[in-house]
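Here's a quick tour for anyone meeting this structure for the first time. Take a look at it below, then read on.

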Amino acid sequence: KETEEVFKVKKSSYSKKIVKQLKKEYKEDLEKSKVRTEVNSPTDVEPPLEKTGLIKDISQEDGTANSEQGEEEMEVESEKEEEKPKAGGAFSSALSSLNVLRPGEIPDAAFIHAARKKRQMARELGDFTPVDSEPGKSRLVREDENDASDDEDDDEKRRIVFTVKEKSQRQKIAEEIGIEGSDDEALVTGEQDEELSRWEQEQIRKGINIPQACVQPNQPAEVNNLYYQNTYQTLSYGSSYGIPYTYTAYGSSETKSQKTDNTVPFKTPSNEMTPVTIDLVKKQLKDRLDSMKDLHRANRQQYEKHQQSREDSTKAIERLEGSSGGIGERYKFLQEMRGYVQDLLECFSEKVPLINELESAMHQLYKQRASRLVQRRQDDIKDESSEFSSHSNKALMAPNLDSFGRDRVLYQEQVKRRTAEREARRARRRQAREQTGKMADHLEGLSSDDEETSTDITNFNMERDRILKESSKVFEDVLESFYSIDCIKSQFEAWRSKYFASYKDAYIGLCLPKLFNPLIRLQLLIWTPLEGKCRDFETMLWFESLLFYGCEEQEQEKDDADISLLPTIVERVVLPKLTVISENIWDPFSTTQTSRMVAIVQKLVDGYPSVVNAENKNTQMLLKALLLRMRRTLDDDVFMPLYPKNILENKNSGPYLFFQRQFWSSVKLLGNFLQWCGILSNKTLQELSIDGLLNRYILMAFQNSEYGDDSIKKAQSVIACFPKQWFANLKGDKTISQLENFCRYLVHLADTIYRNSIGCSDVEKRNARENIKQIIKLLASIRALDHAVTVANDHNVKELKILIEGK
């Protein structure tokens with residue numbers, strides 16, 4: 001509870017009724033004060049009425065009362081006298097002058113001060129009794145006749161009306177001097193300047209001298225700013241005079257009814273404080289120490305954190321400063337490589353079309369030569385076939401046209417020219433075999449007729465030289481660093497050795513095969529593995545230059561793309577070129593070309609794992625090209641003539657020689673097909689060689705051949721062409737299903753030989769028996785044991801086991 005209370009008194013207007021009531025109460029207070037003066041009772045002099053806040057602006061009219069509203073704060077605080085009343089004659093004589101105040105006389109300042117001292121002394125001695133006042137007259141009631149609902153709607157316009165139960169000292173003095181209610185304003189106006197200024201200065205001085213220590217520590221900050229304690233005593237102003245203080249909310253519903261009393265008395269503030277003990281001080285000091293330790297610990301951790309951050313920053317600065325030089329060099333190098341690669345790609349974008357044209361021209365040149373040779377062979381077969389065939393009936397129907405509708409005269413001239421050229425070539429080949437001593441072992445039809453005329457050779461060489469000359473001019477306007485494989489390789493090797501991480505991130509290992517592709521194709525422009533003088537691609541400069549690229553002393557990563565640089569180049573450069581060669585240049589009838597083609601493909605299969613991969617598109621394209629060329633040869637170039645046996649009895653006749661030549665050329669083609677065993681699948685080879693060639697053409701020739709030594713020799717040549725791995729893993733007594741027809745022919749051949757030997761001499765029978773044993777060996781060599789046993793049983797051959805094991 002505070003020793004001071006502040007009441008906010010709002011300015012408002014009063015009705016005439018209230019003014020009259022106030023004047024009446026004022027006169028009554030003056031009369032009572034006069035009575036007390038006459039009986040020598042102590043009186044109190046209060047501050048001017050205008051400062052107490054009880055009466056304000058009551059002289060205003062009702063019309064102007066509602067227009068002026070404001071707020072005014074005022075402090076009402078208890079007073080404590082500077083010195084206590086002293087007992088003695090001096091003080092009694094000073095106070096005796098209060099009895100000589102006559103009615104109507106205005107007291108001066110000394111009189112008022114003496115009266116106040118006397119009243120203070122009486123209160124301390126306990127002789128002062130407060131003057132009672134009527135409850136109905138101790139309250140100022142606000143009656144608003146004009147608008148009673150304004151203050152009820154606005155809570156901010158409410159004010160607290162402070163009243164006392166007895167009249168003020170000023171009213172009492174006014175009654176004693178006989179001033180009527182109508183003269184109240186004059187009294188207030190006359191003494192306002194002197195009294196008001198003196199009273200204000202006294203209150204200001206007291207307010208300034210109040211120390212802050214007198215304010216209770218448990219009060220909030222806003223209370224400390226509004227309420228102060230008296231420096232002289234802790235009693236409030238009302239309690240020092242024994243006057244009960246009450247307040248009423250101005251503007252509330254209670255102000256409209258004089259019968260309702262809703263006042264709240266103020267309580268006397270208490271001066272009790274919590275006693276200060278040693279334990280309390282220790283506890284506070286301990287708490288303060290703990291809080292400081294916690295703060296110190298937090299600061300220490302923050303300090304250590306900053307220290308660590310500082311050390312890390314220092315190390316990072318040192319590391320970055322140390323690596324800044326390398327980064328600059330790296331940036332410079334990569335910028336140079338970027339410019340070099342851009343220039344290189346621009347150069348290739350211009351030169352690659354020229355390389356493609358030259359490569360296409362060279363392939364076309366070789367294709368024309370191969371097509372010319374194949375066409376010549378086909379024409380020779382047609383010429384010989386038509387020469388030994390009888391077309392007499394058709395010639396009578398169209399004497400000027402042959403069976404094909406051609407001009408007979410012109411055709412005959414061309415046939416004669418081709419026949420002369422053909423016989424000349426055969427004579428030259430025969431002469432060459434005689435010089436080398438191979439004449440005895442040679443059979444007509446086994447040689448490849450690939451001899452060219454001098455005119456064809458000259459034209460071919462001239463065109464090839466022209467292409468080579470143009471290829472040498474492709475990069476004549478380019479620096480060596482942009483077309484030399486060694487220079488290009490050195491650039492990327494430097495990148496790899498210096499900055500391998502960026503080299504790997506740029507996928508250079510995957511880009512190099514495509515980058516070297518045009519340059520390698522330019523070097524492989526005249527490379528044709530079908531020719532005997534062709535160099536092996538592994539001995540070329542590009543291969544030797546790139547052989548050790550990416551091979552370093554330190555251990556390499558498993559996924560390093562540079563390890564597979566050469567296999568990738570072979571896959572992307574060599575395989576496509578071989579595909580073109582096999583499809584357009586390779587002649588399956590040529591044993592030499594077939595052997596060379598098989599050798600190069602087998603080398604790629606054995607030495608380059610990417611070629612063996614079944615998912616490799618280039619490998620698949622190569623195998624498809626090989627099969628396509630073999631099927632085309634089988635359909636277009638194989639021809640087996642059919643003649644009666646009486647014609648073939650003359651071994652020096654043209655039809656017999658032509659038949660033998662075509663038979664042995666078919667056997668040669670069978671051997672060439674079967675050279676691809678191990679590269680092409682067995683199923684594909686069996687379909688081409690056995691079903692397409694043996695059963696379709698060769699067996700037909702066997703049926704028209706002479707049964708005897710010649711047939712056995714031909715059968716041995718056919719069986720010699722079969723790969724041995726076909727029969728190595730066979731189980732049972734039967735051979736592969738495609739050879740059943742050939743096996744039945746051998747069985748039939750044995751029966752025929754046996755029947756022909758019946759009735760002959762012993763020598764002929766002995767030869768026939770030897771031929772039958774030879775047939776059993778042939779059947780055993782192809783694992784046709786069931787047929788071999790049948791032949792042996794039919795012809796009483798007891799050496800079956802020996803024949804089978806000695807196969």
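Which residues form one aromatic cluster? They are Phe663, Trp664, Phe702, Phe722, Trp726, Phe727, Phe742 and Tyr745. Keep in mind as you explore that this is a predicted model.

## The chain as a whole

Let's step back for a moment. The chain has 31 helices and four strands. It runs to 807 residues, and 41% of them count as buried.

What about the surface? The chain exposes about 46,400 Å², with carbon and sulfur atoms supplying 52% of that area. As for contacts, take those between residues at least 6 apart in sequence: 77% of them join residues at least 24 apart.

## Two helices side by side

Now find helix H22 (residues 617-636) and helix H25 (residues 682-704), whose axes come within 11 Å and cross at roughly 5°. Angles under 35 degrees count as roughly parallel, and therefore H22 and H25 are roughly parallel to each other.

Who does the touching? On the H22 side, the contact is made by Leu627, Met630, Arg631, Leu634 and Asp635. H25 brings Thr684, Leu685, Glu687, Leu688, Gly692, Leu693, Arg696 and Tyr697.

## Aromatic pairs

A search of the whole structure turns up 21 aromatic pairs. One of them is formed by Phe333 and Tyr499, and this pair is tilted, at 5.5 Å centre to centre with 50° between the planes. Phe333 sits in helix H11 (residues 278-387), while Tyr499 is in the loop between helix H15 (485-498) and helix H16 (500-505), so the pair ties together parts that are 166 residues apart in sequence. Both Phe333 and Tyr499 are buried.

Is Trp586 buried or exposed? Trp586 is buried, and so is Trp676.

## A buried serine

Next, look for Ser666, which has its place in helix H24. Its relative accessible area is 2%, and under 20% means buried, so Ser666 counts as buried.

Which residues is Ser666 in contact with, leaving aside its neighbours within four places in sequence? The answer is Val638, Met640, Leu693 and Ile698. You've met Leu693 already, among the H25 residues that make the contact with H22.

## Two loop residues with positive phi

Finally, head over to Arg783, in the loop between helix H29 (762-781) and helix H30 (785-794). Arg783 isn't a glycine, yet it has a positive phi of about 65°.

Asn796 has a positive phi too, about 55°, and it isn't a glycine either. You'll find Asn796 in the loop between H30 and helix H31 (800-805). Its relative accessibility is 59%, and the cut-off for exposed is over 50%, so Asn796 counts as exposed.

Note on methods
Residues are numbered from 1 along each chain as its sequence is written. This is a predicted model: local features need pLDDT of at least 70, side-chain atom pairs count only at pLDDT 80 or more; totals for chains, interfaces and linings use all residues. Side-chain values use heavy atoms; hydrogens and water are left out. Axes are lines fitted to C-alpha atoms, for helices over the stretch in contact, and angles run from 0 to 180 degrees between N-to-C directions. Angles under 35 degrees count as roughly parallel, over 145 as roughly antiparallel, 65 to 115 as roughly perpendicular and the rest as oblique. Contact means heavy atoms within 4.5 Å. Buried means under 20% relative accessible area, exposed over 50%, partly exposed in between (1.4 Å probe, protein chains only). Accessible areas come from the Shrake-Rupley method with a 1.4 Å probe; for residues, only the protein chains shown count as cover. Rings of Phe, Tyr and Trp (its six-membered ring) pair if their centres lie within 6.5 Å; planes under 30 degrees apart count as stacked, over 60 as edge-to-face and the rest as tilted.
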